[in-house]
Amino acid sequence: MGTVLKGCYIVTSEKTVRSDLRIDGEKIESIGLSVEKDGDEIIDLKGSYILPGGIDAHTHFDLELPNIKTSDDFKSGTKSAIAGGTTTIIDFVNCHRGEKLSDALETYKEKTKGKCYSDYGFHMTLCEWNKEVESEMEEMVKQGITSFKMYMAYKDTLQVNEEEIEQALKKSKELGALISFHCENGDEIIKNINDLISKGKSAVKYHEASRSSEVEYEAVNTLIKIARKINYPVFIVHLSSKMSLDAVIKARREGVKIFVETCPHYLLLNKDFYELKGDDGLEGSKYVMSPPLRSREDNNALWEGIKLGEIDTIATDHCSFNYKDKRENAKIDFSKIPNGIPSVQHRMELIFSYGVKDKIISLNEMVKLTSTNPAKIFGLYPKKGEIKVGSDADLLIIEDGYKDTISFENSIQEVDYTPYEGFESNGKIKRVFLRGKELVKDGEFIGKEPTGQYISRNKWSYERR
Ligand code: URP
Ligand code: ZN
Ligand code: ZN
């Protein structure tokens, strides 16, 4: 017995068609107007949109830092993802210097075992370069970890230098893998922090000054220089500023291959949030992440970049720390506030409400940015990120013409606030299917035990238009 979704608009990155869709087991079996078979369950969707399940290729669940751990683990994180219409996440294996990549991977296999409600994959962090890392990179690709991340910031822990980036990129080219880069110049950040604090500028709002747009721009240009030399694509995560996007666009025109991700917060929030005081003057700490929030002009430039097809994906960089801990650390100075904000549950409805409903992008473009492009870039396509016969039945049904408000009270993320408190939502996440199994019904999460699977990923296959 299959399930037929009737009376819906099927939305892909290319087109929208009025059609029915039949699910058989975990897959989409047929799409058309007479697909029913005897005994099928029929669900009448009454003109709703069906999108491919979201893919959030940038989360940090169960991330352990020296003094603090994220409040969401893989259980609450993937449950929130599903509730928000994201059916696959790709998280970052956090690897320490001197640690074997395979050992770090084992730790993450343990963290995820039996815990994930969504499907999931891993990127591997490279925080140093040596012969062992080089040969382990090869092993990772064999295990379906076809993408890596290098940080140009976080000095003394994760930060790599230009020579290390160059070596890793050469290896990536040999393997057909992809490396994501956190572009902020870590040396500059340390200098800025010391300088600001020595002048008594320790309030939350100085977080942005310590990691200004120039700090990101400088790292982006260094990366462009290396990508040009090695002649191989790079992926820039969480791009935050107009200045950096302009540098990317210019380099692209000169033939450098760069893929770019931005996040809902760089589109919808701005640095005025750092001035929020709350009860104790520290509410701005809720919004501390890296790179920091920028100006409204930057928000607009990124939306413009999206419209022009210069931004490839929108991911959350979900990295949740409780406000109570952020605020406690903010009492020392801004540089001690744990970096990161939550949003995995709200990405799809935010982009629907503020991108599609505000007529900045079409629903097809939303699908491209939140599902199809990440699937192609991270080797999941066409199993994921697409509605076609043979693809996984990972489906999201959004109800249009709806008004609600995002709030901590109606969130299931395991964290004591949402940075989107009070934001209007115009798209209800009505139903979500993961490989044919309904996990959200009438807007309510109905999953029982976690059934998410690890996805061994292929190599990237994506052409920018
Ligand atoms: O502030 C952030 N972005 N925290 C998560 C780690 C990272 O750099 O992506
Ligand atoms: Zn980063
Ligand atoms: Zn991140």
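Buried means under 20% relative accessible area, exposed over 50%, and partly exposed in between (1.4 Å probe, protein chains only). Keep that in mind for the exercises below.

This is a predicted model, in which local features need pLDDT of at least 70 and side-chain atom pairs count only at pLDDT 80 or more, while totals for chains, interfaces and linings use all residues. Residues are numbered from 1 along each chain as its sequence is written, chains are lettered from A and ligands numbered from 1 in the order in which they are written, and side-chain values use heavy atoms, with hydrogens and water left out.

**Exercise 1.** Find the protein donors of the zinc ion (ligand 2).

*Solution.* 
- Step 1: donors are N, O and S atoms within 2.8 Å of the metal (3.2 Å for Na, K and Ca); water is not among the atoms, so sites may look incomplete.
- Step 2: Lys149 lies in strand S9 (residues 147-151) and His182 in strand S10 (residues 178-182), so the pair ties together parts that are 33 residues apart in sequence. Strands (E, at least two residues) and helices (H or I, at least four) are DSSP runs, numbered from the N terminus.
- Step 3: Lys149 counts as buried, at 1% relative accessibility, and His182 is buried with a relative accessible area of 1%.

**Exercise 2.** Work out why the arrangement around the zinc ion (ligand 3) is tetrahedral.

*Solution.* 
- Step 1: the protein donors here are His58 (NE2), His60 (NE2) and Asp317 (OD), 2.0 to 2.2 Å from the zinc ion (ligand 3).
- Step 2: four donors count as tetrahedral if all angles lie between 85 and 135 degrees.
- Step 3: the four donor atoms around the zinc ion (ligand 3) subtend angles of 85 to 135 degrees, so the arrangement is tetrahedral.
- Step 4: now look at the other metal: the zinc ion (ligand 2) is 3.8 Å from the zinc ion (ligand 3).

**Exercise 3.** Describe how helices H7 and H8 pack.

*Solution.* 
- Step 1: helix H7 (residues 213-230) and helix H8 (residues 242-253) have axes 8 Å apart, at an angle of about 20 degrees. Axes are lines fitted to C-alpha atoms, for helices over the stretch in contact, and angles run from 0 to 180 degrees between N-to-C directions.
- Step 2: angles under 35 degrees count as roughly parallel, so H7 and H8 are roughly parallel to each other.
- Step 3: residues in contact (heavy atoms within 4.5 Å) include Tyr217 and Val220 in H7, and Ala247 and Val248 in H8.

Definitions and conventions. Four donors count as tetrahedral if all angles lie between 85 and 135 degrees; four count as square planar and six as octahedral if opposite donors are over 155 degrees apart and all others between 65 and 115; anything else is irregular. Angles under 35 degrees count as roughly parallel, over 145 as roughly antiparallel, 65 to 115 as roughly perpendicular and the rest as oblique.
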